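My notes follow in the order I made them.

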Amino acid sequence: MEDVESDDRSASPAGGPDGLQELGRLHHRSGIIIGPPNSWRALGWYRDAGDVHGEAEALNSRAALLADTVGPSQALPGHREALTLARRARIRMEEARALEGIARCLAVRGERAGALTALAEAVTLYRRIGTPEAGRAADLLKELTASR
């Protein structure tokens with residue numbers, strides 16, 4: 001098996017940037033972090049290729065990892081950059097993910113008003129898209145609203 005740290009993109013055991021993204025998500029969900037997170041490596045590949053969708057997805061994945069491991073202040077810039085890219089390219093799913101990520105970070109930092117605004121917008125987008133994430137985000141919105 002190839003070394004995950006290899007700089008040779010074509011030799012990636014995960015099958016390029018999309019495979020690295022999925023591998024990174026699996027590692028993140030299971031609590032396994034091996035070397036630099038795969039979303040960092042995939043982000044560079046997407047940027048080099050001019051793939052805005054992949055770049056926004058990688059930024060959101062990297063920011064989610066930072067939020068869970070380092071804290072919300074380090075995660076916010078990535079979610080905000082993903083939001084800018086997703087809005088510019090009209091990638092609604094990544095826009096919604098970025099807004100939800102921003103909301104979660106702001107909530108942890110105690111910035112409730114900003115969190116509620118971003119989360120309400122994320123819920124609206126998720127519902128418009130018709131994704132199951134709408135339920136999870138709506139539940140969090142109810143929880144934040146009730147904690148006044």
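I needed one term before starting: buried means under 20% relative accessible area, exposed means over 50%, and partly exposed is in between, with a 1.4 Å probe and protein chains only. I looked up Glu 57 with this, and Glu 57 is buried because its relative accessible area is 15%. Glu 57 lies in helix 3.

I noted where the values come from. The model is predicted, so local features need pLDDT of at least 70 and side-chain atom pairs count only at pLDDT 80 or more, while totals for chains, interfaces and linings use all residues. Residues are numbered from 1 along each chain as its sequence is written, and side-chain values use heavy atoms, with hydrogens and water left out.

**Whole protein**

I counted seven helices and zero strands. Helices (H or I, at least four residues) and strands (E, at least two) are DSSP runs, numbered from the N terminus. Along the sequence the pattern reads α-α-α-α-α-α-α. The protein has 148 residues, and 45% of them count as buried. I then took contacts between residues at least 6 apart in sequence, and 53% of these join residues at least 24 apart. Contact means heavy atoms within 4.5 Å.

I checked the span of helix 4: its 18 residues reach 25 Å from first C-alpha to last, close to the 26 Å expected at 1.5 Å a residue. The expected span is 1.5 Å times one less than the number of residues. Which residues of helix 4 are buried? I listed Pro 72, Ala 75, Leu 76, Gly 78, His 79, Ala 82, Leu 83, Leu 85 and Ala 86. Their cover includes helix 3 and helix 5 (92-108). After helix 4 comes Arg 90, with a positive phi near 60°.

**Helix 3 against helix 4**

I found that helix 3 (residues 52-69) packs on helix 4 (residues 72-89) at about 160°, with the axes 8 Å apart. Helix 3 is therefore roughly antiparallel to helix 4. Axes are lines fitted to C-alpha atoms, for helices over the stretch in contact, and angles run from 0 to 180 degrees between N-to-C directions. Angles under 35 degrees count as roughly parallel, over 145 as roughly antiparallel, 65 to 115 as roughly perpendicular and the rest as oblique. Residues meeting here include Leu 59 and Ala 63 in helix 3 and Gly 78 and Ala 82 in helix 4. By class, I recorded 12 nonpolar, four polar and two charged residues in the contact of helix 3 with helix 4. Ala, Val, Leu, Ile, Met, Phe, Trp, Tyr, Cys and Pro count as nonpolar, Asp, Glu, Lys and Arg as charged, and the others, Gly among them, as polar.

**Helix 4 against helix 5**

I looked at the next pair: the axes of helix 4 and helix 5 come within 8 Å and cross at roughly 155°. This makes helix 4 roughly antiparallel to helix 5. The contact includes Leu 76 and Leu 83 of helix 4, with Leu 99 and Ile 102 of helix 5. I recorded 12 nonpolar, two polar and six charged residues in the contact of helix 4 with helix 5.

**Ala 120**

I ended with Ala 120 in helix 6 (residues 112-129). Is Ala 120 buried or partly exposed? Ala 120 counts as partly exposed because its relative accessibility is 31%. Ala 120 and Leu 99 are 8.8 Å apart, C-alpha to C-alpha, and 21 residues apart in sequence.
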